[in-house]
Amino acid sequence: MIYPNNFEEKIGFLQIRKMLIESCLSPAGVKFVDKMKFISHGEALKSRLDQVNEFREMILMETAFPANNFMDLSDVLLYLKTEGVSIAREEFFDLLLSLKAIIAVKSYIAKRHEKYPNIAKLNRQVLFDDNIVPIMDKIMDNKGDIKDNASPVLFEIRAKMHKLNASMRNAIQKSLHIAKKNGWARDDAEVTIRNGRAVIPMLASDKRKIKGFVHDESKTGQLVYLEPMELFDTNNEIRELEISENYEIQKILLEFTNNIRPDIESLLMAYRYLGTIDFIRAKANFAIRIDAVKPIINNSDEFVWREAKHPLLVLSFKEKDKKVVPLDISLNADNRILIISGPNAGGKSVCLKTVGLLQYMLQCGLLVPMRENSEARLFDDMFVNIGDEQSIENDLSTYSSHLLNIKNFLNKAKDNSLFLIDEFGGGTDPAIGGAIAEASLEKLNQKQAYGVITTHYSNLKAMAKDGNGIINGAMLFDTKELRPLYKLKIGKPGSSFAFEIARKIGLSEDILKRAKHKSGRKEIDLDQRLQEVEYEKEVLDKKQKELEFTDDALRELVEKYELLNSRLQANKQQIIYDAKAEAKEILKDANRVIEKSVRDIKESRADSSKLKDIRKIVETKKQEVNKSLEKKPKTNLSDVVSTKEKKIKTNIKILDDKPVVGDDVRVIGQETVGQLEQIKGKNALVSFNSLRVSVKYDKLEKVKVKKLKSTSSPNQYSGIMKEIHKRSVNFKHNIDVRGMRAEEALVFIKNWIDEAILISAKDLEVLHGTGNGILRQIIRDYLSSLREVQSFADAHIDFGGSGKTIIKMR
């Protein structure tokens with residue numbers, strides 16, 4: 001049930017419906033938009049949402065959809081059901097074009113049925129005889145004219161007409177030439193048509209010079225339009241052939257009508273199919289305009305909306321190049337009713353309307369602007385009480401109309417109902433209005449209904465307690481700038497900030513002091529306490545984010561250390577293995593020389609000259625072995641340094657001066673050098689490679705860093721550049737991670753971004769698809785953490801939209 005009757009007007013849905021109508025291509029699509037209504041049946045709604053979501057992806061990811069000649073010939077087909085009637089020539093042409101459009105749409109979807117199965121199911125509605133269109137093509141050309149060969153009789157008639165027309169044209173041109181030559185007609189006179197007959201314009205004074213029949217005269221009476229006598233019979237014959245032509249065309253169209261009459265029901269289904277496609281297409285295009293998605297539909301009692309936005313605000317702000325502050329809201333069985341409080345013009349009513357409009361849009365089969373990992377649920381009923389319902393005709397005041405609505409809510413609400421009440425209890429004496437509102441809210445809570453209300457009344461804020469089904473929410477307010485932030489924070493009540501706003505607009509301090517005195521100390525203390533709690537919460541949230549960021553940075557450093565350590569250990573084992581193998585080869589070679597020398601000595605029987613030669617050979621080999629063993633390793637431990645240390649080696653000199661802001665410093669006993677950024681009493685803030693650390697000032701020493709040129713050889717530099725060039729050639733600036741699991745995609749993206757940073761790539765593209773938006777969000781969260789990433793955004797709507805992310809590197 002939807003209440004009241006003007007529900008759609010109250011929440012702004014009529015504007016959505018109007019925009020959908022404007023996006024339709026056919027009257028059939030418009031009819032579907034007009035009939036669109038609230039759906040509470042889960043499976044039926046999910047099917048419609050899947051269709052719109054698939055069509056949205058189809059528009060974003062595929063080639064241009066065939067959207068020409070979307071017409072609705074349903075009324076014509078219903079008329080043709082009557083025996084004896086015939087289709088008109090213009091209707092025949094529209095039928096031909098629109099049936100071709102249906103076939104083109106069906107074929108386009110059929111080719112992609114695996115990607116878009118829910119849309120492909122609609123193709124089952126197209127069952128008409130495939131031979132109808134080829135038959136129609138034989139009858140009519142692509143300009144809407146009946147072809148000469150549509151029938152043998154028509155071909156013969158038109159052949160005679162062409163022959164007679166050619167003869168007639170020659171004869172009348174001859175008569176016109178004679179008239180001009182003799183001055184009976186003006187020099188610029190041309191053959192024209194009067195009463196369907198070819199005539200020549202002659203001067204009225206010379207009309208009897210040529211025998212013929214006058215069909216008309218000019219307004220001035222100076223000219224007459226004369227049909228020469230010799231053409232009279234020819235024109236009559238042509239006229240008779242034209243009558244025969246029209247008769248034959250009517251006969252052809254009647255025969256065609258009789259042939260398709262058995263297929264009219266299937267043709268009507270085909271036009272319903274085209275209207276359905278047009279309707280879904282309009283919804284998909286609207287979804288793209290407002291950045292809408294399909295959230296997760298829960299079967300539970302809970303819904304969790306993340307970054308939800310009011311669609312009309314999205315469109316309005318896009319034109320002004322502004323961004324809508326998103327809404328995070330959740331309700332469940334334990335917290336079913338949300339009481340929103342906060343300053344006037346702080347966004348309470350917009351928040352309420354956003355909830356009402358998005359829930360109604362969703363249950364009308366429309367995608368909604370929120371994160372894809374949002375969770376939604378369905379309701380059987382929606383009730384709304386927004387705005388002024390004052391009625392002179394019904395003798396209702398504003399407050400009376402509100403009470404009438406509340407009475408209907410109380411009578412009809414149940415555990416699967418959602419009610420929305422703006423400024424609950426307003427419009428009458430605050431004490432009485434607040435009391436009635438409180439009692440009504442208690443009853444609605446007993447009925448287990450879900451709801452969102454806005455109020456300034458403290459007694460309603462005080463109703464929220466752990467476990468009683470009611471929870472507070474506050475619209476945030478910047479207490480320093482004295483301006484609303486339009487952001488909802490669930491869990492605590494909000495302050496109205498009445499005194500702060502009054503002070504900002506210039507109300508005198510004297511009046512404000514008197515107002516504070518009159519309002520009572522408790523009320524002021526409560527408001528101030530709310531402000532303090534809010535400020536403390538914001539500070540804690542900020543600190544928490546800083547800690548999470550630092551924790552992530554530390555985790556990354558640990559991972560890099562472990563990776564480097566494992567590589568070092570692997571290299572160490574390899575070096576030891578290689579050294580042992582080399583030593584083994586040296587010993588084998590030496591043994592071979594010694595054994596050979598022993599054999600030579602035995603064979604020469606200790607000949608002195610031979611012994612001298614052998615001793616010389618052994619001595620030479622001994623020297624070679626010693627040289628091999630004395631060789632230093634190519635890389636020792638002191639050479640294993642970071643990339644940054646390879647580029648610039650430093651000498652550090654300790655200075656006696658006390659360090660001041662801007663100096664290079666290090667902690668006494670440590671090697672890492674940082675820059676002193678700030679001194680706060682006994683503490684100091686030092687930046688170590690963009691990581692800021694607070695240390696005791698007396699633990700710091702001032703140093704001077706002397707930079708030395710890198711000792712890398714030109715060959716080493718050349719090798720590095722060759723490697724970078726090789727990587728640059730093989731690097732892909734656009735990648736596709738669709739189908740990957742989130743963890744797998746993140747690892748892939750990290751490696752790809754590292755490679756991009758190495759080769760200084762600037763423009764990158766990631767195709768992740770839309771899906772549930774999880775891949776897109778994980779990738780963007782990672783990109784947000786990188787300083788090397790300048791910006792990232794959705795691709796243009798024609799090149800992937802939100803299914804692709806465009807990245808700009810610094």
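Leaving aside its neighbours within four places in sequence, Lys-294 is in contact (heavy atoms within 4.5 Å) with Leu-49, Asp-50, Asn-53, Leu-367 and Glu-372. A word on the ground rules: this is a predicted model, where local features need pLDDT of at least 70 and side-chain atom pairs count only at pLDDT 80 or more, while totals for chains, interfaces and linings use all residues. Residues are numbered from 1 along each chain as its sequence is written, and side-chain values use heavy atoms, with hydrogens and water left out.

Back to Lys-294. You'll find this lysine in the loop between H11 and strand S6 (296–297); helices (H or I, at least four residues) and strands (E, at least two) are DSSP runs, numbered from the N terminus. With Asp-50 there is a polar contact, side chain to side chain, at 2.5 Å. For that term, a pair of N or O atoms must lie within 3.5 Å; within protein, one has to be able to donate a hydrogen and the other to accept it, and residues adjacent in sequence count only if both atoms are side-chain atoms.

Now for the second largest pocket, with about 1200 Å³ of space. A pocket here is an open set of points on a 1 Å grid over the protein atoms alone, where a 1.4 Å probe fits, with protein on both sides within 12 Å along at least five of seven lines; a lining residue has an atom within 4 Å of a point. Points are joined across faces, edges and corners, and the volume is the space filled by probe spheres set on them.

The lining of this second largest pocket takes in 39 residues, and those nearest its centre are Asp-291, Lys-309, Arg-776, Arg-780 and Asp-794. Two or more residues each come from helix H4 (42–61), helix H11 (264–289), helix H12 (311–319), helix H24 (774–784) and strand S24 (789–794). H24 is the top contributor, giving 5 residues. By type, the lining has 17 nonpolar, 8 polar and 14 charged residues; Ala, Val, Leu, Ile, Met, Phe, Trp, Tyr, Cys and Pro count as nonpolar, Asp, Glu, Lys and Arg as charged, and the others, Gly among them, as polar.

Residues up to four places away aside, Arg-776 touches His-768, Asp-794 and Ser-802.

Next, the sheets, where two strands pair if DSSP finds at least two bridges between them. One is an open, mixed sheet of 4 strands in the order S22-S23-S25-S24. Strand S22 (734–736) and S24 are at its edges with a single partner strand each, so one side of each has no neighbour in the sheet. From one strand to the next, the twist averages 20 degrees. S22 runs parallel to strand S23 (763–767) over 3 bridges, and Ile-735 faces Val-766 in S23.

Another open sheet of 4 strands is antiparallel, in the order S2-S3-S5-S4. Its edge strands are S2 (192–194) and S4 (212–217), each pairing on one side only. Neighbouring strands here are turned by 50 degrees against each other on average, direction ignored. S2 and strand S3 (197–203) share 3 bridges in the antiparallel sense, and Ile-193 has Ala-198 in S3 as its bridge partner.

Axes are lines fitted to C-alpha atoms, for helices over the stretch in contact, and angles run from 0 to 180 degrees between N-to-C directions.

| Helix | Lies across | Angle |
|---|---|---|
| H23 (742–759) | S22, S23 and S25 (804–809) | about 170 degrees to S23 |
| H9 (152–181) | S3 and S5 (223–228) | about 5 degrees to S3 |
| H10 (229–260) | S3, S4 and S5 | about 75 degrees to S5 |

Finally, two backbone details. The peptide bond from Tyr-3 to Pro-4 is cis, with omega near 0 degrees; Pro-4 belongs to the loop between strand S1 (2–3) and helix H1 (7–11). Glu-307, in strand S7 (303–308), has a positive phi near 55 degrees despite being a residue other than glycine.
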